[in-house]
Amino acid sequence: MTAVNSVTDLSRAGEIAVVTINSPPVNALSADVRNGLRDGVAKAAAAPEVKAIVVICAGRTFIAGADIAEFGKPPRGATLLELQGVLEGGPKPIIAAIHGTALGGGFEIALMCHYRVAVPSAKFGLPEIKLGLIPGAGGTQRLPRLTGVEKALDIILSGAPFSAQEALQWGVVDALVEEGQLREGALGFARKVIDTHMLPRKIRDLNEKIEAARGHPEIFEKVRRDYAKKFRGFEAWQSALRAVQVAVDLPFDEGMKLERQAFLDLIPTEQSRAQRYVFFAERKVWKIADVPEDIPVLPIRKVGVIGAGTMGGGISMNFLNAGIPVTIVEAEQDALERGVATIRRNYDNTVKKGRMAAADVETRMRLLSPGLDLGVLSDCDLVIEAVYEDMAIKQDVFRKLDRIAKKDAILASNTSYLNIDEIAGVTGRPESVLGMHFFSPANVMRLLEVVRGAKTAKPMIATAMQLARKIGKIGVLVGVCHGFVGNRMLHQRQREAQKLILEGAMPWDVDRVIYDFGLPMGPFAMSDLAGLDIGWSKATSKSSTIREILCEMDRRGQKTGAGYYDYDEARHAKPSALVEKIILDFAAEQGIKRRPIADDEILARCIYPMINEGAKILEEGKAQRASDIDVVWINGYGWPVYRGGPMFYADLIGPEKVLTKLKQFEVTMGAEFKPAPLLEGVVAEKKRLQDL
Ligand code: 3H9
């Protein structure tokens, strides 16, 4: 074995040379890896005794893509054209041996090789679209030549990984070899190549499948229609479509050039910068400054959930899906039965949509034990309380839990606003208490705010975060404050939205601006969906806000067929003339002189106070970093990933612009716009929020 460079080795097995890349953690295609690959393969090809070359990776995976951290920096090292020259253009057959995840540029390197073998657990994919990019090393030109245009478009536009079995079926790999025996299997394949005189097979020369698509623009039209909704607001997908179309219409080398240019053009776009930022942000959340990564976590073998309502049921499903038994407790038999029936119905609906096998429903339901008494939770390792949002009720539950739960159990509250320390304070073990704030629908939304109380012990925090990962959530550690990170910022937006409709806008104006910005819906559509009567009661309602007036009229949102909007049977929203009149009358009664409000102002009024609140959250240490706040907004509220989250957005448009506007608003509209000192500091020091 000889070292080619610091990340590449060259070894020999008879007439077969083996080039091994070893660049942890994921063998990303850095300059070193590219250099090593180029030089290693070239050296092997030059040795007269070598008849075939295997390219393989050490560690947990084949090359998992370009080094994302390198994008936008000055180019270094071997170029992709050079790699293509030594790999595809090389004189001797080259076999890529694949395990782990061959993604993006990694998969494209494999496609530059002449043959591919993989272990059955390997995964493949072109996830560039998720980074606001398109494949830039031939993926859009070579993949359609193997799989046909439709399949290739699906792989490129979904960005989703596919299995080794699918890869075999679609002609992407030539053979599967025994799990754990990749090197031996690849050598065996290489032996066969030598013995049967198989020549280097270049994908660039395989034209049959793309010729089949030539003269059929309807293929692209259909895909464009199918994906239009999913990609509302996104840019890169149109480039991806064009690149594949070029593969069909133009010779290979021209296609390569156009693909490369489109890729390079996308790198500096705001969307791609935002999406790459989010990629790293979603990986940073797991790192907690004062909780070591190797701290021992507690085994969670059984989970208790108190409350079988919408939240309790959704929360339970997460654990059932992960194979963890759940005991769910309700006070009344019929509420318990309703809760269990809802869980089953949700699963049945998933089966109907073809996304789950019927047998899996039974497997999951068998893991669920319903109970009517908190006493049945005594053997749970984690208990999550999801009862009515009321401090006295929650404290009562925790007092009882303290007596029932086993010694080292984690006691969690799913509260969305309340003070975890006050809840923990009624127990004799505040170190075991934390918040696990799921977002509705809890079995669908990816975000989990893990709320750290003043006394929560570190192993409890580490366990909750690890569990979040296990159930497929993205866990963000937050501190105790009203509404934590997400709802605390949301409150700012909701307040301004309510003010805006009195000052001159209509609910549908505000919603349109927020929707066009990229969120799935605006504040009023969201209220209608959630129900206007959350936290409202007839007894105390005094017609003192638009919301109260609407609730009193039984316009309580979609569920009553009317709220800020009117709804038809299919739940399509229509602006309501009645609501318009209610707003106008109410504003007049309040002596508010209405004025036209421009879209710019609506956006700034809704979003800048959120950014300001985010700055206060950082100042108070209630979030670890600005990017954690962004992860909350992207995964909990549908903030468009191509805008990177509210804090990244502030950096993008310039913190100074936000500050200036807040100051103006403060003068004309009052103290709620007073800029956070942290924001003032960032501007004074010409920093970015994301760097704090
Ligand atoms: C591309 O290839 C463009 C080409 O078409 C054209 C040009 C050639 N770069 O996710 P994990 C880090 S675009 C840099 O926790 P897992 C990651 O930050 C690229 N760093 O592990 C983390 O660091 P840390 C197309 C990367 O086992 C560590 O590795 N490729 C990269 O859950 C472990 O990552 C992709 O988009 C990278 N490419 O999942 C694939 N990848 O430990 C992106 C990872 O300091 N990667 N890191 O926090 C993934 O999807 C997952 O990381 C993977 C492993 C499935 C590979």
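Biologist: Is G428 buried or exposed?

Modeller: This is a predicted model, and in it G428 is exposed, with a relative accessible area of 64%, a label that follows because exposed means over 50%. G428 belongs to the loop between α17 (420–424) and β16 (433–438). Its C-alpha atom is separated by 8.6 Å from that of R399, although the two residues are 29 residues apart along the chain.

Biologist: Let us turn to a helix, then: how many residues of α4 are buried?

Modeller: Buried means under 20% relative accessible area, and nine of the nine residues of helix α4 (residues 139–147) are buried, so the helix is largely enclosed by the rest of the structure. Just after α4 comes G148, which takes a positive phi of about 90°.

Biologist: Keeping to the backbone, which residues does a cis peptide bond join?

Modeller: P24 and P25 are joined by a cis peptide bond, with omega at about 0°, and P25 is found in the loop between β3 (16–21) and α1 (31–46). A cis peptide bond also joins S440 and P441, where omega is about -10°; P441 is in the loop between β16 and β17 (447–452).

Biologist: How many aromatic pairs does the structure hold?

Modeller: A pair of aromatic rings is described by the distance of the centres and the angle of the planes. The structure holds 22 aromatic pairs, among them F279 and F280, which are edge-to-face at 5.2 Å centre to centre with 85° between the planes. F279 is partly exposed, with a relative accessible area of 27%, and F280 is partly exposed as well, at 35%. W633 and Y637, by contrast, form a stacked pair, with 4.1 Å between the centres and 20° between the planes, an angle that counts as stacked because it is under 30 degrees.

Biologist: Where do W633 and Y637 lie?

Modeller: Both lie in helix α25 (residues 626–637), four residues apart, which is about one turn of the helix. W633 counts as buried at 0% relative accessibility, and Y637 counts as buried at 13%. Ring pairs also link W633 and Y637 into a cluster with F439, F517, W639 and Y649.

Biologist: Which ring does the charged end of R283 sit over?

Modeller: The charged end of R283 sits over the ring of F279, 3.8 Å from its centre, and F279 is the residue that pairs edge-to-face with F280. In another such arrangement, the charged end of R232 sits over the ring of Y515, 3.5 Å from the ring centre.

Biologist: Which residues come nearest to the ligand?

Modeller: Of the 27 residues around the ligand, R60, G105, E108, E128 and R283 come nearest. An oxygen atom of the ligand is 2.7 Å from a polar backbone atom of G105, and a ligand oxygen is 2.6 Å from an N or O atom in the side chain of E108. For K287, too, an N or O atom of the side chain is 2.7 Å from an oxygen atom of the ligand. Taken alone the ligand exposes 1,000 Å², of which the protein buries 74%. The elements that give two or more residues to the shell are β6 (101–103), α3 (104–112) and α12 (270–284), and the shell residues divide into 16 nonpolar, five polar and six charged.

Key. Residues are numbered from 1 along each chain as its sequence is written. This is a predicted model: local features need pLDDT of at least 70, side-chain atom pairs count only at pLDDT 80 or more; totals for chains, interfaces and linings use all residues. Side-chain values use heavy atoms; hydrogens and water are left out. A residue is near a molecule or strand if one of its heavy atoms lies within 4 Å of it. A polar contact is a pair of N or O atoms within 3.5 Å; within protein, one must be able to donate a hydrogen and the other to accept it, and residues adjacent in sequence count only if both atoms are side-chain atoms. Accessible areas come from the Shrake-Rupley method with a 1.4 Å probe; for residues, only the protein chains shown count as cover. Ala, Val, Leu, Ile, Met, Phe, Trp, Tyr, Cys and Pro count as nonpolar, Asp, Glu, Lys and Arg as charged, and the others, Gly among them, as polar. Rings of Phe, Tyr and Trp (its six-membered ring) pair if their centres lie within 6.5 Å; planes under 30 degrees apart count as stacked, over 60 as edge-to-face and the rest as tilted. Buried means under 20% relative accessible area, exposed over 50%, partly exposed in between (1.4 Å probe, protein chains only). A charge sits over a ring if NZ of Lys or CZ of Arg is within 6 Å of the ring centre and within 35 degrees of the ring normal.
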